[in-house]
Amino acid sequence: MDKTSIILNLIRLGNEKQIRLSRYRIQQVIKKSKFRDMFEWRESDTGEYSPEILRLLDRLEHKGMIMPEIMDEDGKIKVMDYTLKRRYAYIDEIKDELEPLVDEFKSDRPEIQDVILYLIKECNQQNRPISRYRIQNILYIADKIYEETYYASAFKLHWYKTKYGVFSPLIYKMSRFLEEEEYVEPEIVMYKDGPRVVNFRLRKHPRTIDPRLQHVIHQAIEIFYDDKETANEYLKNIDDLEWYRRRSR
């Protein structure tokens, strides 16, 4: 069994299930699997780790087969998530072994793909422009409304601030995926700093989402477009968020 295939199949599972797979989690999954003894393991102050898996991940990054989502946290570089940059076919034996272990990281978060598509559908129907920036801001407001109503986060996402406003790595990545898979058609305008998506148009009908989520998304759309004062009140709290920096090696 090829060790590289095990890692690539594992990352594909995480991407398709929208489950964050960091270096640490990749090692935890393989450690629990029947493939454990194929890899070298060492003891450290923080527990057992595999220098071999870490070397393979570095090699796959260098070859351009995977892309890391990286955050600078208190001066330390932290890999949050890996994404496949190239299609890689499943090997059934690997998928069958690793899928139940990956599922252990699942939360009760709704499928972000369906939430984004529902938001785009509503904005299209109301003739409101909807870009990546707007998607993230509206869903941030919707999440805050949901917390106020139900005392819990709706999307269970990591939110950060950038010089452009609120940012969610998963929402950004998923909007790119929906574009590449032709769920949506982007309207792109050229600016001095390059092309920018100014509006998405739905191409494939989304699945139904929870009525409570539908309601808060409707509220968030109205607030974002029609009530700037309230929108700014929600969004000013991003000053309390961490800065996000995406880096590539």
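Student: Which residues in H1 are buried?

Tutor: In H1, the buried residues are Ser5, Ile6, Ile7, Leu8, Asn9, Leu10, Ile11, Arg12, Leu13 and Gly14. Buried means under 20% relative accessible area, exposed means over 50%, and partly exposed lies in between (1.4 Å probe, protein chains only). The model is a predicted one, in which local features need pLDDT of at least 70 and side-chain atom pairs count only at pLDDT 80 or more, while totals for chains, interfaces and linings use all residues. Residues are numbered from 1 along each chain as its sequence is written, and side-chain values use heavy atoms, with hydrogens and water left out.

Student: What makes H1 mostly covered?

Tutor: Of the 14 residues in H1, 10 are buried.

Student: Why are H1 and H2 called roughly perpendicular?

Tutor: H1 packs with helix H2 (residues 23-32) at an angle of about 115 degrees, their axes being 11 Å apart. Axes are lines fitted to C-alpha atoms, for helices over the stretch in contact, and angles run from 0 to 180 degrees between N-to-C directions. Angles under 35 degrees count as roughly parallel, over 145 as roughly antiparallel, 65 to 115 as roughly perpendicular and the rest as oblique. H1 and H2 are therefore roughly perpendicular to each other.

Student: Which residues of H1 and H2 meet, and of what class are they?

Tutor: On the H1 side are Ile6, Ile7, Leu10 and Ile11, which meet Ile26, Val29 and Ile30 in H2. By class, this contact of H1 with H2 has seven nonpolar, no polar and no charged residues. Contact means heavy atoms within 4.5 Å. Ala, Val, Leu, Ile, Met, Phe, Trp, Tyr, Cys and Pro count as nonpolar, Asp, Glu, Lys and Arg as charged, and the others, Gly among them, as polar.

Student: How does H1 stand relative to H3, and how do you know?

Tutor: The axes of H1 and helix H3 (residues 51-62) come within 11 Å and cross at roughly 75 degrees. That value makes H1 roughly perpendicular to H3. Lys3, Thr4, Ile7, Leu8 and Ile11 in H1 meet Glu52, Ile53, Leu56, Leu57 and Leu60 in H3. The contact of H1 with H3 has, by class, seven nonpolar, one polar and two charged residues.

Student: Is Tyr82 buried or exposed, and what makes it count as such?

Tutor: Tyr82 has a relative accessible area of 1%, and is therefore buried. Its place is in strand S4 (residues 76-84). Leaving aside neighbours within four places in sequence, Tyr82 is in contact with residues including Ile11, Asn15, Ile26, Leu57 and Pro68.

Student: Is Asp45 buried or exposed, and how do you know?

Tutor: The relative accessible area of Asp45 is 86%, so Asp45 is exposed. Asp45 lies in the loop between strand S1 (42-44) and strand S2 (47-49). From Asp45 to Gly194, 149 residues apart in sequence, the C-alpha distance is 47 Å.

Student: Why is Lys156 placed in the class it has?

Tutor: Lys156 has 36% relative accessibility, and therefore counts as partly exposed. Lys156 is found in the loop between H6 and strand S5 (160-162). Although Lys156 is not a glycine, its phi is positive, at about 50 degrees.

Student: What is the phi of Asn127, and where does this residue lie?

Tutor: Phi of Asn127 is near 55 degrees, a positive value in a residue other than glycine. Asn127 lies in the loop between H5 and H6, and its relative accessible area of 66% makes Asn127 exposed.

Student: What is the class of Ile120, and which residues does Ile120 touch?

Tutor: With a relative accessible area of 1%, Ile120 is buried. This residue of helix H5 touches Ile130, Ile135, Val184, Phe200, Arg201 and Leu202, not counting residues up to four places away in sequence. Ile120 and His205 are 85 residues apart in sequence and 10 Å apart in space, C-alpha to C-alpha.

Student: Against which helices do the buried residues of H8 pack?

Tutor: They pack against helix H5 (112-125), helix H6 (132-150) and helix H9 (228-235). The buried residues in H8 include Leu213, Val216, Ile217 and Phe224.

Terms used
Helices (H or I, at least four residues) and strands (E, at least two) are DSSP runs, numbered from the N terminus.
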